[in-house]
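Me: I am new to this structure and would like a close look at a single chain. Please take me through chain A with care.

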There are 2 protein chains.
Amino acid sequence: PDWIPQVRDNVMMLEREYKFKNFKLAWAFSNKVAELAEEEFHHPSILLEWGKVTITWWTHAIGGLHKNDFICAAKTDQLLD
Amino acid sequence: PDWIPQVRDNVMMLEREYKFKNFKLAWAFSNKVAELAEEEFHHPSILLEWGKVTITWWTHAIGGLHKNDFICAAKTDQLLD
């Protein structure tokens, strides 16, 4: 499973978990996603844990998912390389 | 309220939310906490959102809180300056 739709506080969100071999790799990926967020002027939640990063995209302004969230999700996947 | 005890999946954790004026400041703080985690060989969960960072400390090995978690929580606060 890649991106999974989630409903939280009545808001539809798009969430994906990425696994890594250690904290450093997970941390580096988190920072890439944070850079992407700044470039896009659109900010997901980024949950960094040991060996795991969980990214959640949604659009605050509309309280749900916008086409842009799906684009940002795809761009997040491209950061994996 | 500073650090709040939380029980998640039957595990006691110590959690604190830090507010920031923008994403960049929140991101910078997240990275400081990640550096601390590497120094301490102890890793909290770090949730980075726009203007907010939520840090959660607990000790996986004992499935709960150890004295070290309270020490790391105090060290996290010191990173704010």
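Reply: What follows describes chain A, and then how chain A relates to chain B. This is a predicted model, in which local features need pLDDT of at least 70 and side-chain atom pairs count only at pLDDT 80 or more, while totals for chains, interfaces and linings use all residues. Residues are numbered from 1 along each chain as its sequence is written, chains are lettered from A in the order in which they are written, and side-chain values use heavy atoms, with hydrogens and water left out.

Chain A holds two helices and four strands, counted as DSSP runs (H or I, at least four residues, for helices; E, at least two, for strands), and from the N terminus these elements follow the order β-β-α-β-β-α. The radius of gyration of chain A is 12 Å, which agrees with the value near 12 Å for a compact globule of 81 residues; this radius is taken over C-alpha atoms, and the globule rule is 2.2 Å times the number of residues to the power 0.38. Along the principal axes, the C-alpha atoms of chain A fill a box of roughly 35 × 25 × 20 Å. Of the 81 residues in chain A, 48% are buried, meaning under 20% relative accessible area with a 1.4 Å probe, protein chains only.

Chain A can be laid on chain B by a turn of 180 degrees and a shift of 0.0 Å along the axis, with an RMSD of 0.0 Å, the copies being superposed by least squares on the C-alpha atoms of residues with pLDDT of at least 70 in both. The two copies are thus related as by a two-fold rotation axis, and in chain A the C-alpha nearest the axis is that of A:L47, 2.1 Å from it.

Methods: Buried < 20%, exposed > 50% of the residue type's maximum accessible area, 1.4 Å probe, protein only.
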